Amino acid sequence: MNMKLSDSEWQIMNALWDKHPATAREIQENLPEENEWAYTTIKTMLTRLVDKGALTERKRGNTSVYAPVLEQHQARRSALKTLIDQVFQGALEPMLNFMVEDRSLSKADRKVLSEILARNEDKKETET
């Protein structure tokens, strides 16, 4: 599922991925503190996300209850692919160089990256 989310939609989806199913009020309570959206704004965004197929909506009495259809890892994968395609013309190496040279990778990040690469190399060797 390749779905592009706006910044606002990411906030709603993150709140739902953290705790679902949830009502609009529960989602509003689970949004970052600096977010001061009106309840009606949240309901509008939820309706859009249901229309996009990212959420399901079911009624519990008069209250709508929402649950994610779009999985967090799928959304992240799609967003990262879009970023790499748009900013780095689809090339992974320039992005990795940027991350390393920009020093946004801490020593701990570098260690984790090395471990991930080693695990993937081990998988490839056992597959052949």
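A surface patch here is made of residues with over 30% relative accessible area and no salt bridge, where like charges are joined within 9 Å and nonpolar side chains (Val, Leu, Ile, Met, Phe, Trp, Tyr) within 5 Å. Accessible areas come from the Shrake-Rupley method with a 1.4 Å probe, and for residues only the protein chains shown count as cover. With that in hand, you can find a nonpolar surface patch of about 240 Å² made by L80, L83 and V87.

Before going on, a word on the model itself. This is a predicted model, in which local features need pLDDT of at least 70 and side-chain atom pairs count only at pLDDT 80 or more, while totals for chains, interfaces and linings use all residues. Residues are numbered from 1 along each chain as its sequence is written, and side-chain values use heavy atoms, with hydrogens and water left out.

**Helix α4 and its residues**

Helices are DSSP runs (H or I, at least four residues), numbered from the N terminus. We call a residue buried under 20% relative accessible area, exposed over 50%, and partly exposed in between (1.4 Å probe, protein chains only). L80 is partly exposed at 43%. S78, also placed in helix α4, is buried at 10% relative accessibility.

**Salt bridges**

How many salt bridges does a search of the whole structure find? The search finds three, each being a side-chain nitrogen of Lys or Arg within 4 Å of a carboxyl oxygen of Asp or Glu.

| Salt bridge | N to O distance |
|---|---|
| K52 and E9 | 2.7 Å |
| K81 and D85 | 2.9 Å |
| E115 and K111 | 4.0 Å |

The pair of K52 and E9 links distant parts of the chain: K52 belongs to helix α3 and E9 to helix α1 (residues 7-18), 43 residues apart. K52 is partly exposed at 38% relative accessibility, whereas E9 is buried at 6%.

K81 and D85 both lie in helix α4, four residues apart, about one turn of the helix. K81 is exposed with a relative accessible area of 51%, and D85 is partly exposed with 38%. In helix α6 (residues 107-127), E115 and K111 are likewise four residues apart, about one turn of the helix. Here E115 is partly exposed at 36% and K111 is exposed at 54%.

**Aromatic rings**

Rings of Phe, Tyr and Trp (its six-membered ring) pair if their centres lie within 6.5 Å; planes under 30 degrees apart count as stacked, over 60 as edge-to-face and the rest as tilted. The count by this rule comes to two aromatic pairs. One of them is the tilted pair of F88 and F98, at 6.3 Å centre to centre with 50° between the planes. F88 lies in the loop between α4 and α5 (92-101) and F98 in helix α5, so the pair ties together parts that are ten residues apart in sequence. F88 is buried, with a relative accessible area of 15%, while F98 is partly exposed at 48%.

R25 lies over the face of Y39, at 3.8 Å from the ring centre; the rule asks for NZ of Lys or CZ of Arg within 6 Å of the ring centre and within 35 degrees of the ring normal.

**A polar contact from a loop**

N35 is found in the loop between α2 (24-30) and α3 (39-52), and N35 is buried at 16% relative accessible area. Its side chain makes a polar contact with the side chain of Q11 at 2.8 Å. Such a contact is a pair of N or O atoms within 3.5 Å; within protein, one must be able to donate a hydrogen and the other to accept it, and residues adjacent in sequence count only if both atoms are side-chain atoms.

Conventions. Helices (H or I, at least four residues) and strands (E, at least two) are DSSP runs, numbered from the N terminus.
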